[in-house]
Amino acid sequence: MLELKGINVHYGSTQVLWDVSMSVGRGEIVSVMGPNGSGKSTVLKAAMGLKKASSGAVILNGTDLQGKSATTRPRQGMSIVLERRRLFPRMSVRENILLGAFTRPQKDARRAFDEVLDTLPDLKPHLNATAGKLSGGQQQMVAIARGLMADPRVLLMDEPFLGLSPIMVKTVSGIMKSINERGVAILFNEQNAKLSFALSHRGYLLESGRVVLSGSGEEMLDHPEVKRVYLGVGAAAK
Ligand SMILES: Nc1ncnc2c1ncn2[C@@H]1O[C@H](COP(=O)(O)OP(=O)(O)OP(=O)(O)O)[C@@H](O)[C@H]1O
Ligand SMILES: [Mg+2]
C-alpha cells in the first residue's frame, strides 16, 4: 500500500539516505529501527513529503506522490505523528485534535472526532484541558488523535515512545495495536530493537542512511547481528 523506492535524501550537500526502499502492506505494523542519526526521522519525513527526496519514489496505493505536498498527503490517506509530539501547548486538547482535520470538510471532521475518541476514550475527560499541562503519555495520545483525524490508511509515527514511562509505553503500544486492528497500517521508528520488532509484523534496520537488514519482527529479533549489536546478547551468553 505504501512503497518507498530507492529514496535518496540530502541536507545541503550531505547525503543522509541512500537508496532506501521499504514497503508497508495493508494492515501491517512496520518499524524502522536504527541508532541515533541513522536517518529514521528522515525516512518518515520523505514519505510524508516534509523533506524532499533528491531521487526515488513514494507510492501510496498505486499513486506516485512525487510533487504532491505534505498538505495534500492527508487527502491521499497518509498522516504523521511527529517526534516529541509537537502539540500547541497553550491550546486545549480538543483544539489540538481538531487541527488534524484541517484538510477535511467540517461534517467529516465532526464524525472523525467522535471516532477518534472511541479509539482513545482516555482523552475524553481531558478535552478542555490545556494540552501543555498533560503528562507526556497523554500528550502522545493527543498527538496520535490528531494524526487519526485525517482518517489515514497509513499512519507514520516518529518515535512514539520517546520519553514515556514503561507503563505509558505499554499503553501507547496497545493503542497502536488497536488502531492497526481497525485497519490502519502503521510505519513507526524507534531506537530500541526489542520495542521495535516485538510490536511490528515486519521491520527494517537502518544504519548510516542505508537499509542493512529487513525481515519479520521475529526474524529481526532473532538475527545474530541485531542480537549482538542492539540487544547486547552474544558474547556473554556463549
Ligand atoms: N535539518 C537538517 N539539516 C541538516 N542535517 C540534518 C537535518 N536533519 C537531520 N540531519 C542529519 O541527517 C542525519 C539523519 O537524521 P535523522 O534525524 O533522520 O536521524 P534519526 O535516526 O531520526 O536520529 P534520532 O535518533 O536522533 O532521531 C543525521 O546525520 C542528522 O544530523
Ligand atoms: Mg529521529
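Start by selecting D151: this residue is partly exposed, with a relative accessible area of 37%. Here buried means under 20% relative accessible area, exposed over 50%, and partly exposed anything in between, with a 1.4 Å probe and protein chains only. What you have open is a predicted model, where local features need pLDDT of at least 70, side-chain atom pairs count only at pLDDT 80 or more, and totals for chains, interfaces and linings use all residues. Residues are numbered from 1 along each chain as its sequence is written, chains are lettered from A and ligands numbered from 1 in the order in which they are written, and side-chain values use heavy atoms, with hydrogens and water left out.

**Stop 1: around D151**

Stay on D151 and check its backbone. Phi is positive, about 55°, although D151 is not a glycine. Now colour the loop between α5 (136-148) and β7 (154-158), which is where D151 lies. Helices (H or I, at least four residues) and strands (E, at least two) are DSSP runs, numbered from the N terminus.

**Stop 2: zoom out**

Show the whole chain as a cartoon. Along the principal axes, the C-alpha atoms fill a box of roughly 55 × 40 × 30 Å. How does the radius of gyration of the chain agree with that of a compact globule? For 238 residues such a globule would have a value near 18 Å, and the chain has 18 Å, so the two agree. That radius is taken over C-alpha atoms, and the globule rule is 2.2 Å times the number of residues to the power 0.38.

Of the 238 residues, 50% count as buried. Among contacts with a separation of 6 or more, 68% come from residues 24 or more positions apart, a contact being heavy atoms within 4.5 Å.

**Stop 3: an open sheet**

Select β2, β1, β4 and β5. These 4 strands form an open sheet in the order β2-β1-β4-β5, with antiparallel pairing. Which strands stand at the edges? They are β2 (14-24) and β5 (63-64), and each has a single partner strand, so one side of each is left without a neighbour in the sheet. Two strands count as paired if DSSP finds at least two bridges between them.

Next, pick β4 (residues 55-60) with β5: the two pair in the antiparallel sense over 2 bridges.

**Stop 4**

Go on to β9 (202-207) and β10 (210-216), with S208 in the loop between them. The two strands pair in the antiparallel sense over 6 bridges. For landmarks, Y204 stands opposite S214 in β10, and L205 has L213 as its bridge partner there.

Is S208 buried or exposed? At 58% relative accessibility, S208 counts as exposed. Its hairpin has 2 residues between the strands, and S208 takes a positive phi near 45°.

Look for S31, which stands opposite G203 in β9.

**Stop 5: helix α1**

Select residues 40-48, which make up helix α1; the helix is mostly covered, with 8 of its 9 residues buried. The buried set is K40, S41, T42, V43, L44, A46, A47 and M48. Step just past the end of α1 and you reach G49, with a positive phi of about 85°.

**Last stop: G132**

Finish in the loop between α4 (106-119) and α5, where G132 has its place. G132 is partly exposed, with a relative accessible area of 40%. Which residues does G132 touch, not counting those up to four places away in sequence? Select P89 and Q139 to see them. To try the distance tool, click G132 and I175: they are 43 residues apart in sequence and 21 Å apart in space, C-alpha to C-alpha.
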